[in-house]
Amino acid sequence: MKSTVPNTLVFLFGFFLLFVNVPSLNAQATQPDKSAKPAVDVRIGYLRAYEPQLALSVLDIPPRDEGVAGANVAINDNNTTGKFLGQSFILDVTEAKPQADIVPVFKEMLARGDRFILADISAKQLLSIADLAKENGAILFNVGATDDSLREEECRSNVFHTAPTRSMLADGLAQYLVWKQWRKWVLLYGSHDGDKLYADAIRRAATRFGATIVEERLYEDKGTARRTDTGVIQVQKQMPVFTQNLPEHDVVIVADESEVFGSYVPYRTWTPRPVAGTAGLVASSWHPASEQWGGSQIQNRFAKATGRRMLSKDMQAWTAVRIVGEAVTRTKANDPRQVEDYIKSDGFSIAAFKGQKLTFRNWNWQLRQPVLIGDGHGVVSTSPQEGFLHQFSELDTLGVDRPETKCKLN
């Protein structure tokens, strides 16, 4: 029989060595990893002016988390990459009323350490905090307001705009209508300020691209209760009368950002014509059915995270958060000055599922982006349209170009 003594001695000797080396192993395990990258915490604020809104159709009532949902999906996207680079992104959401003084809550955000702030507020509210943000080294990303004045007469060097302007949306729509040879337009516009500003953008687009507005009509908002005073029968009688006796035209353009009458126009005009503008065929920065250029990837991620489809403001907020993420990754820092310098550099661009990399116009910090033309079911076209050329970027055929700008950055 073979002796087991040698094996036993080997086992005991090995156990002894393991025991005496335990303290040294523990000491090694507790030593800090000097090669580990320091954590970079990036706090992104979301300042939102919110209250429930009505719409002519219950299907058009904005979701409670519109915009915020897009920002949250982008936070997750940033963290997916950030965890390998020692970067952590969090979203800090603050809400106020649409007509409220936004300065006190903005100061609270600054006190919490927010220096990258998405502004989903009115133009007036944004202007009230823009200079305060600059004094405190904060960068603002306008993800909601489409007012051209924010990029022109009232532009600021520390405010970046991922929301398109009204002029960009109107130009994108106009290019498609002109491409279709629908050059004779009737303009129906509402009585609220936003309606009038969109109507101004349509007038500018008509002049710019060779269309003619053959007649304009104002629809006065008389303050009736939408859900009790506007039944189908009444609307069916009103809209044909409102659009009766118009000159020969190819298309009816509606300017009704306030949702007072616009959605009632399609299929109810006196003369059968297509409807576009804020109803019918609509120009927007994103469409919930967009699947081109990898769009199905972001749509699926968004739907999985939120249980609904992605809207324009969601995409505008998503893009702003991803811009911050890209800049932090490139600069390897969360310093607002370094991030701002990178965004303003010639090397910056961002991919946003729109067929090309997007960049900022350095004369007013508006994000160049294609405009999607769609109805309630799908994307009909994308502007800039073929044949509308530009010496620098075809995207600059949408909105105010450098030679036209009134912006004087300081």
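This is a predicted model: local features need pLDDT of at least 70, side-chain atom pairs count only at pLDDT 80 or more; totals for chains, interfaces and linings use all residues.
Is Asp 396 buried or exposed, and what is its relative accessible area? Asp 396 is buried, with a relative accessible area of 0%. Keep that residue in mind.

Start with strand 3, which covers residues 116-120. This strand is mostly covered, and five of its five residues are buried. Look at its two sides in turn. Phe 116, Leu 118 and Asp 120 sit on one side. Ile 117 and Ala 119 sit on the other. In a regular strand, side chains alternate between the two faces of the sheet. Here both faces are covered.

Now look at the neighbours. Strand 1, residues 40-49, pairs with strand 3 in the parallel sense, over five bridges. Within strand 3, Leu 118 has Tyr 46 standing opposite. Strand 4, residues 139-142, also pairs with strand 3. That pairing is parallel too, over four bridges. Phe 116 stands opposite Ile 139 of strand 4.

How does the chain get from strand 3 to strand 4? Helix 4, residues 123-135, belongs to the answer. Strand 3, helix 4 and strand 4 together make a right-handed β-α-β unit.

Next come the charged side chains. The whole structure holds 26 salt bridges. One of them joins Asp 92 and Arg 43, at 3.6 Å from N to O. This pair links distant parts of the chain. Asp 92 lies in strand 2, residues 87-96, and Arg 43 lies in strand 1, 49 residues apart. Asp 92 is buried, with a relative accessible area of 11%. Arg 43 is partly exposed, at 27%. The two residues also belong to a network of salt bridges, together with Arg 112 and Asp 114.

Back to Asp 396. Its side chain meets that of Arg 361 in a salt bridge, 2.8 Å from N to O. Arg 361 lies in the loop between strand 12 (357-358) and strand 13 (371-374), while Asp 396 lies in the segment after strand 14 (379-383), so the pair ties together parts that are 35 residues apart in sequence. Both Arg 361 and Asp 396 are buried.

Asp 396 has another partner. It forms a salt bridge with Arg 368, and the closest N and O atoms are 2.9 Å apart. Arg 368 is in the loop between strand 12 and strand 13, and this pair is 28 residues apart. Arg 368 counts as buried, at 5% relative accessibility.

Note on methods. Residues are numbered from 1 along each chain as its sequence is written. Side-chain values use heavy atoms; hydrogens and water are left out. Buried means under 20% relative accessible area, exposed over 50%, partly exposed in between (1.4 Å probe, protein chains only). Helices (H or I, at least four residues) and strands (E, at least two) are DSSP runs, numbered from the N terminus. Two strands pair if DSSP finds at least two bridges between them. A crossover is right-handed if, with the strands pointing away from the viewer, the path from the first strand over the helix to the second runs clockwise. A salt bridge is a side-chain nitrogen of Lys or Arg within 4 Å of a carboxyl oxygen of Asp or Glu.
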